[in-house]
Amino acid sequence: MADHAPVAVATHEPLLSYLDDATGERTDLTAQQLGVWAARSAGLLRDGCGLRPGDRVAVLLPPHWRTAAVLIGAWSVGLSVSFRPRALAGLPVLEPGADLPYDAVFVTPERLDDWLEDVPDGTHRYLVGTGSGPLSSVPPGWLDWSTEVLRHPEIAPDLGVLRPTDPASPDGTSYGEWGAVAREYAKQLDLRAGDRLLVDAAEHEQPLKWLLAPLAAGASVVLCANLDRSRLDAHVTAEQATRVL
C-alpha cells in the first residue's frame, strides 16, 4: 500500500475487535475499555492473588480480547509472563524453573480437558472462557476469571516503577527487549499508526503478532476466530482493514 502519515487511533474507535465466524459473537473495545479490563486483571493478580513484580504467570490462551486483558494486566504490575500458545505433552519447556508451580495459571476449559495439553501447575488457577458470560461449570481447584475479575476496580492498582531491564517472561527476556522485537515485527509487517490489522486467530496465536506488534505501531486489531475464508474479503471491507495477517 502507498505510504501514509501516522494517524492515531481515535479514542472512540475500537482498538481491539474480536469476532467469531462460528458463533457470531462480536466484542469491540476502545483503548479505554480494554484498559478497564486490564486494570481489573492487574487488581486480580496483585491484590487478589498477592503477586509481586517478578512472580511468574502462565497464560495458555488463544487470541481473544480477554487474553489481551490478562496479558496487559499482568505486565502492568511487573509480572513475568509465559505465553506459550500450546504446551503440548512430551515437548520440553525451555524456561528456567519450569518444573516449579507458576504463581498463577490461565487456561481455557477446552485446553484443560485436552489430553494433548500439558497444563502447568499453579498456585492460583483460572479458567478463561472464550464465549460470552460466565462458565457453566468450573472444576474444583479452579476459578472462573470472568467472575473473579469483576471483584476488582476499573482503576489499575499503584503500578510502581517498571524498568526496561525487568524480566517480562520467565526466560529472562526483558520488557525493553520484547518492545524492540515488537517494533521490529511491526516494521516487517509495514504496520503504522492508524492501520487496522485483521488477524486469522487460528494461524497466529503468538501474542507478539496479534497484540504487541500492532500496539507498538499504534495500529488497531481485528481478531477473527474460526475465520470463514470465503468471508475474508467481506471482513476486510466491513472492518476497513489495511493489513491482513
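**Fold.** The model is predicted. I then looked up burial: of the 245 residues, 49% count as buried. I also checked contacts between residues at least 6 apart in sequence, and 69% of them join residues at least 24 apart. The accessible surface comes to about 11800 Å², with 55% of it belonging to carbon and sulfur atoms.

**Helix pair.** I turned to α2 (residues 65-76) and α6 (residues 207-217), whose axes come within 12 Å and cross at roughly 65°. The crossing is right-handed. On the α2 side I listed Thr67, Ala68, Leu71, Ile72 and Trp75. On the α6 side I listed Pro207, Trp210, Leu211, Leu212 and Leu215. By class, this contact has nine nonpolar residues, one polar and no charged ones.

**Salt bridges.** My count came to 13. I picked out arginine 26 and glutamate 239, with N to O at 2.7 Å. Arginine 26 sits in strand β2 (residues 26-29) and glutamate 239 in helix α7 (residues 232-239), 213 residues apart. Arginine 26 is partly exposed at 40% relative accessible area, whereas glutamate 239 is buried at 9%. Both belong to a salt-bridge network that links Arg26, Asp28, Arg196 and Glu239.

I looked at glutamate 148 and arginine 151 next; their bridge is 3.0 Å, N to O. Glutamate 148 has 16% relative accessibility, so it counts as buried, the cut-off being under 20%. Arginine 151, at 59%, counts as exposed.

Last, I noted arginine 192 with aspartate 190, the closest N and O atoms being 3.1 Å apart. Arginine 192 is partly exposed at 21%, and aspartate 190 is partly exposed at 28%.

Methods
Residues are numbered from 1 along each chain as its sequence is written. This is a predicted model: local features need pLDDT of at least 70, side-chain atom pairs count only at pLDDT 80 or more; totals for chains, interfaces and linings use all residues. Side-chain values use heavy atoms; hydrogens and water are left out. Buried means under 20% relative accessible area, exposed over 50%, partly exposed in between (1.4 Å probe, protein chains only). Contact means heavy atoms within 4.5 Å. Accessible areas come from the Shrake-Rupley method with a 1.4 Å probe; for residues, only the protein chains shown count as cover. Axes are lines fitted to C-alpha atoms, for helices over the stretch in contact, and angles run from 0 to 180 degrees between N-to-C directions. Helices (H or I, at least four residues) and strands (E, at least two) are DSSP runs, numbered from the N terminus. A crossing is left-handed if the near helix is turned anticlockwise from the far one by less than a right angle, and right-handed if clockwise. Ala, Val, Leu, Ile, Met, Phe, Trp, Tyr, Cys and Pro count as nonpolar, Asp, Glu, Lys and Arg as charged, and the others, Gly among them, as polar. A salt bridge is a side-chain nitrogen of Lys or Arg within 4 Å of a carboxyl oxygen of Asp or Glu.
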